[in-house]
Amino acid sequence: MSNLKKTAAAVLALASSAVFAGTMGPVCTPGNVTVPCETSAWDIGIYALYLEPVYDTGMGYMDSFLSDYYYDSYYPGYAYRWDHNDDWRWGFKLEGSYHFGTGNDININWYHLSNDHNLDDNDNYYNYYYNHHRNVRWDAVNFEFGQHVDMGEMYNIRIHAGAQYARIRSNFDMYYWDGYSDPYNGSYNLDFNGFGPRVGLDTSYNLGNGFSIYGNGALALLVGSHKHHNNYYYGSYYYDLDMLSDTYAYDNSSYNHSRHHIVPELEAKLGARYTFGMAQGALSIDGGWMWVDYINVRNVHPVSHGDFAVQGPYLGLKWIGNV
């Protein structure tokens with residue numbers, strides 16, 4: 001029994017020495033997580049966007065909507081397809097914020113892009129002519145309530161939640177003639193308006209001397225209406241017995257429809273920023289690359305649905321001043 005007690009005492013002594021030895025060595029101390037000091041400030045920003053609209057296969061490869069007379073004789077259902085790559089266009093972003101409390105802010109920002117694209121194609125061998133013009137306009141207004149948090153000396157984040165209103169409007173004008181069948185002229189107007197909750201996370205790493213790099217992400221879930229108005233005309237020749245000559249006439253048809261739709265939206269940014277102090281506040285130069293994708297928005301093709309996205313670089317200025 002005495003031997004058992006001696007053994008237990010020895011084990012406890014070794015355990016105690018191990019504990020004390022551990023405390024004598026290096027200790028892992030996590031970085032401080034803090035919020036800024038209480039302050040009040042305003043900021044205003046303006047950005048130039050250089051964006052390209054991007055579509056999935058429903059819009060990226062456009063049908064002529066008519067079968068070619070020659071090919072249809074051998075390959076029923078054949079239709080011409082053209083690759084559609086929209087041109088890059090300038091847009092803008094405007095934003096303003098009010099900062100208050102310990103790292104809180106209220107931010108409102110507006111994105112705008114209007115893109116015109118024209119495609120002409122003809123083939124003398126197969127004797128067809130095709131013209132397609134479309135205008136796509138994108139507007140998005142975000143309302144954000146944010147909280148700034150410092151994760152140590154170099155790394156900080158901003159968590160935000162709020163709402164987004166978005167409108168994607170597409171206008172299409174098409175003309176097609178294959179040299180054999182009757183000409184086709186169509187006009188399509190599509191309009192999506194959506195509103196819903198939006199959350200996001202902005203991360204930034206300070207490099208020193210006013211320079212920082214960042215990565216931002218956000219997602220939204222929009223509920224809205226999709227409206228579609230369609231006019232199309234089929235031209236045809238016929239022999240007028242009264243006039244004793246060929247006469248050209250149009251068959252005009254149109255329809256409208258509207259439905260509610262839920263559209264997820266994803267966005268991301270990678271960029272860099274340089275901030276320098278001024279006599280009144282501070283000025284930041286901000287640039288990077290952005291991606292925005294509206295999933296299954298049902299507003300990018302006259303007869304089908306798919307994603308609408310924009311991507312490209314941006315560059316802007318932001319001024320912040322204390323109240």
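**Figure 1. Overall fold and surface of the predicted model.** The protein contains three helices and 13 strands. Of the 323 residues, 37% are buried. Among contacts with a separation of 6 or more, 69% join residues 24 or more positions apart.

**Figure 2. The largest nonpolar core.** This core has 23 residues, and the members that touch the most others are W138, M290, Y294 and F308. Two or more residues come from each of β2 (41-55), β6 (104-123), β7 (128-151), β8 (155-177), β10 (211-240), β12 (282-294) and β13 (308-322). The most are given by β2, which provides four residues.

**Figure 3. Surroundings of Y294.** Apart from neighbours within four places in sequence, Y294 is in contact with W138, A140, Q164, A166, I168, L222, V263, P264, E265, D307 and F308. Two of these partners, W138 and F308, are listed with Y294 among the core residues that touch the most other members.

**Figure 4. K269, a buried lysine in strand β11.** K269 belongs to strand β11, which spans residues 245-277. K269 counts as buried because its relative accessibility is 15%, and the cut-off for burial is under 20%. The side chain of K269 makes a polar contact of 2.7 Å with the side chain of Y111. Although K269 and N216 are 53 residues apart in sequence, their C-alpha atoms are 5.0 Å apart in space. Beyond neighbours within four places in sequence, the contacts of K269 include K93, Y214, G215, W289, M290, W291 and Y314.

Key: Residues numbered from 1 in each chain as written. Predicted model: local features only at pLDDT ≥ 70, side-chain atom pairs only at ≥ 80, totals over all residues. Heavy atoms only, no water. Buried < 20%, exposed > 50% of the residue type's maximum accessible area, 1.4 Å probe, protein only. Contact = heavy atoms within 4.5 Å. Core = buried A, V, L, I, M, F, W, Y, C linked by side-chain atoms within 4.5 Å. Polar contact = N/O pair within 3.5 Å; in protein donor to acceptor, adjacent residues only side chain to side chain.
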